[in-house]
Amino acid sequence: QVATVTNNFFTGATSYNVMDEPLYLDNTKGTWIFAHNTIYNTSATYAAQFYPEYDGTNSCTFADNIFYSTAGTYVLYFYPYSSMSAFKMMDGNDIYWTTGSIYFYDGATTYTFGSYSTYAAQLKNYGWELHSSNFKPSFKSTSKPYDIDLLTTSACPSCVCAGIAKDIDGN
(Lines give C-alpha, C1' and ligand atoms only; values in the text may rest on other atoms or scores of the structure.)
Protein backbone atom coordinates (compact mmCIF):
# COMPACT_ATOMS: atom_id res chain seq x y z
CA GLN A 1 0.00 0.00 0.00
CA VAL A 2 1.22 3.49 -0.88
CA ALA A 3 0.97 6.31 1.67
CA THR A 4 0.20 9.49 -0.26
CA VAL A 5 0.49 13.08 0.97
CA THR A 6 -0.30 15.34 -1.99
CA ASN A 7 -1.89 18.71 -2.74
CA ASN A 8 -1.71 20.18 0.77
CA PHE A 9 -0.94 23.58 2.20
CA PHE A 10 1.03 23.56 5.47
CA THR A 11 1.24 26.85 7.39
CA GLY A 12 1.58 27.94 11.00
CA ALA A 13 3.52 25.98 13.57
CA THR A 14 2.98 22.97 15.77
CA SER A 15 5.20 22.46 18.79
CA TYR A 16 6.99 19.15 19.13
CA ASN A 17 9.33 18.89 22.12
CA VAL A 18 11.28 22.15 21.93
CA MET A 19 10.85 22.68 18.20
CA ASP A 20 8.00 24.13 16.24
CA GLU A 21 7.27 23.58 12.57
CA PRO A 22 4.35 23.59 10.14
CA LEU A 23 5.17 20.04 9.03
CA TYR A 24 6.69 17.08 10.86
CA LEU A 25 6.79 13.57 9.41
CA ASP A 26 8.32 10.80 11.46
CA ASN A 27 8.69 7.04 11.14
CA THR A 28 7.14 6.79 7.71
CA LYS A 29 7.63 3.22 6.53
CA GLY A 30 7.05 1.53 3.23
CA THR A 31 6.23 3.17 -0.06
CA TRP A 32 5.12 6.78 0.07
CA ILE A 33 4.58 9.81 -2.15
CA PHE A 34 5.04 13.34 -0.86
CA ALA A 35 4.30 15.60 -3.83
CA HIS A 36 2.67 18.88 -4.85
CA ASN A 37 2.56 20.30 -1.33
CA THR A 38 3.31 23.84 -0.22
CA ILE A 39 5.04 24.39 3.11
CA TYR A 40 4.81 28.07 4.04
CA ASN A 41 6.74 29.27 7.10
CA THR A 42 7.15 32.80 8.42
CA SER A 43 7.39 32.09 12.16
CA ALA A 44 8.39 28.53 13.04
CA THR A 45 11.80 27.29 14.19
CA TYR A 46 11.82 24.61 11.48
CA ALA A 47 9.86 24.83 8.24
CA ALA A 48 9.64 21.12 7.52
CA GLN A 49 11.11 18.03 9.09
CA PHE A 50 11.28 14.57 7.60
CA TYR A 51 12.48 11.53 9.52
CA PRO A 52 11.60 8.80 7.05
CA GLU A 53 12.33 5.23 8.03
CA TYR A 54 12.46 3.07 4.93
CA ASP A 55 11.99 -0.62 4.51
CA GLY A 56 12.09 -0.73 0.75
CA THR A 57 14.33 0.14 -2.15
CA ASN A 58 13.50 2.58 -4.91
CA SER A 59 9.97 3.10 -3.60
CA CYS A 60 9.59 6.68 -2.30
CA THR A 61 8.75 9.86 -4.21
CA PHE A 62 9.58 13.34 -2.88
CA ALA A 63 8.76 15.70 -5.74
CA ASP A 64 7.22 18.97 -6.91
CA ASN A 65 6.87 20.55 -3.47
CA ILE A 66 7.32 24.21 -2.56
CA PHE A 67 9.23 25.05 0.61
CA TYR A 68 9.00 28.76 1.47
CA SER A 69 10.60 30.03 4.67
CA THR A 70 11.50 33.45 6.02
CA ALA A 71 12.06 32.34 9.63
CA GLY A 72 13.71 29.66 11.66
CA THR A 73 16.84 27.57 11.71
CA TYR A 74 16.04 25.17 8.85
CA VAL A 75 13.85 25.47 5.79
CA LEU A 76 14.18 21.69 5.43
CA TYR A 77 15.49 19.16 7.94
CA PHE A 78 15.84 15.83 6.17
CA TYR A 79 17.16 12.89 8.19
CA PRO A 80 16.40 9.40 6.93
CA TYR A 81 17.18 6.66 9.41
CA SER A 82 18.64 4.50 6.68
CA SER A 83 20.23 5.04 3.28
CA MET A 84 18.77 7.07 0.47
CA SER A 85 18.32 3.96 -1.69
CA ALA A 86 14.60 4.03 -0.93
CA PHE A 87 14.04 6.97 -3.28
CA LYS A 88 12.52 6.38 -6.66
CA MET A 89 12.34 10.14 -7.25
CA MET A 90 13.53 13.26 -5.46
CA ASP A 91 13.09 16.03 -7.97
CA GLY A 92 11.30 19.21 -8.97
CA ASN A 93 11.14 20.73 -5.49
CA ASP A 94 11.29 24.51 -5.15
CA ILE A 95 13.14 25.51 -1.99
CA TYR A 96 13.21 29.22 -1.18
CA TRP A 97 14.42 30.72 2.08
CA THR A 98 15.80 33.99 3.43
CA THR A 99 17.25 32.78 6.73
CA GLY A 100 18.59 29.50 8.05
CA SER A 101 19.79 26.52 6.06
CA ILE A 102 18.99 23.00 4.88
CA TYR A 103 20.00 20.09 7.09
CA PHE A 104 20.48 16.87 5.14
CA TYR A 105 21.67 13.41 6.15
CA ASP A 106 22.18 10.84 3.40
CA GLY A 107 22.51 7.80 5.65
CA ALA A 108 26.26 8.23 6.10
CA THR A 109 27.16 11.94 6.06
CA THR A 110 25.52 15.02 7.55
CA TYR A 111 25.39 18.25 5.53
CA THR A 112 24.24 21.74 6.41
CA PHE A 113 23.66 23.86 3.32
CA GLY A 114 23.59 27.62 3.74
CA SER A 115 22.87 28.20 0.07
CA TYR A 116 20.65 26.58 -2.49
CA SER A 117 23.54 26.13 -4.95
CA THR A 118 25.55 23.93 -2.57
CA TYR A 119 22.43 21.88 -1.74
CA ALA A 120 21.58 21.38 -5.42
CA ALA A 121 25.17 20.49 -6.33
CA GLN A 122 25.36 17.81 -3.63
CA LEU A 123 22.01 16.26 -4.46
CA LYS A 124 22.80 16.17 -8.15
CA ASN A 125 25.71 13.88 -7.21
CA TYR A 126 23.03 11.33 -6.24
CA GLY A 127 21.04 11.97 -9.42
CA TRP A 128 18.34 13.84 -7.45
CA GLU A 129 16.89 17.32 -7.76
CA LEU A 130 17.90 17.62 -11.40
CA HIS A 131 14.90 19.91 -12.02
CA SER A 132 14.69 21.65 -8.66
CA SER A 133 14.69 25.40 -8.20
CA ASN A 134 15.28 28.24 -5.79
CA PHE A 135 12.48 30.49 -6.98
CA LYS A 136 10.54 32.91 -4.79
CA PRO A 137 6.92 31.96 -5.45
CA SER A 138 4.15 34.55 -5.60
CA PHE A 139 1.16 33.53 -3.51
CA LYS A 140 -2.37 34.91 -3.73
CA SER A 141 -2.39 36.03 -0.08
CA THR A 142 0.30 35.80 2.58
CA SER A 143 -1.94 37.33 5.25
CA LYS A 144 -4.36 35.38 7.42
CA PRO A 145 -6.44 33.71 6.22
CA TYR A 146 -3.67 32.46 3.96
CA ASP A 147 -4.27 31.65 0.32
CA ILE A 148 -1.03 30.08 -0.77
CA ASP A 149 -2.22 29.11 -4.20
CA LEU A 150 0.29 30.45 -6.71
CA LEU A 151 -0.61 33.59 -8.59
CA THR A 152 -1.32 32.64 -12.18
CA THR A 153 -0.10 36.05 -13.37
CA SER A 154 3.44 35.41 -12.08
CA ALA A 155 6.10 33.02 -13.27
CA CYS A 156 6.03 29.69 -11.42
CA PRO A 157 8.77 27.20 -10.65
CA SER A 158 9.21 24.50 -13.24
CA CYS A 159 8.47 21.02 -11.95
CA VAL A 160 8.65 17.44 -13.02
CA CYS A 161 5.45 15.47 -13.03
CA ALA A 162 4.84 13.21 -10.04
CA GLY A 163 1.47 12.11 -11.37
CA ILE A 164 -0.62 14.85 -9.73
CA ALA A 165 -2.46 17.00 -12.27
CA LYS A 166 -4.34 19.47 -10.02
CA ASP A 167 -3.92 20.98 -6.58
CA ILE A 168 -6.41 20.49 -3.76
CA ASP A 169 -8.47 23.47 -4.97
CA GLY A 170 -8.76 22.03 -8.46
CA ASN A 171 -6.22 24.47 -9.95
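Trainee: In this predicted model, which residue of strand 14 is the bridge partner of Leu76?

Mentor: Strand 11 spans residues 74–78, and strand 14 covers residues 101–105. These two strands pair in the parallel sense over 4 bridges. Within strand 14, the residue that bridges to Leu76 is Ile102.

Trainee: How many residues of strand 11 are buried?

Mentor: A residue counts as buried when its relative accessible area is under 20%. Strand 11 is largely enclosed by the rest of the structure, because its buried residues number 5 of the 5.

Trainee: Is Ser101 buried or exposed?

Mentor: Ser101 lies in strand 14. Leaving aside neighbours within four places in sequence, Ser101 contacts several residues, among them Tyr74, Val75 and Leu76; Thr112, Phe113 and Gly114 are also in contact with Ser101. The relative accessibility of Ser101 is 10%, and the limit for burial is under 20%. Ser101 is therefore classed as buried.

Trainee: In what order do the 4 strands of the open sheet run?

Mentor: The pairing in this sheet is parallel. The edge strands, each pairing on one side only, are strand 2 (9–10) and strand 13 (94–97). Strand 2 pairs with strand 7 in the parallel sense over 2 bridges.

Trainee: Which residue of strand 7 does Phe9 stand opposite?

Mentor: Strand 2 comprises residues 9–10 and is an edge strand. The strand paired with strand 2 is strand 7, residues 38–41. In strand 7, the residue opposite Phe9 is Thr38.

How values were computed:
Residues are numbered from 1 along each chain as its sequence is written. This is a predicted model: local features need pLDDT of at least 70, side-chain atom pairs count only at pLDDT 80 or more; totals for chains, interfaces and linings use all residues. Side-chain values use heavy atoms; hydrogens and water are left out. Two strands pair if DSSP finds at least two bridges between them. Buried means under 20% relative accessible area, exposed over 50%, partly exposed in between (1.4 Å probe, protein chains only). Contact means heavy atoms within 4.5 Å.
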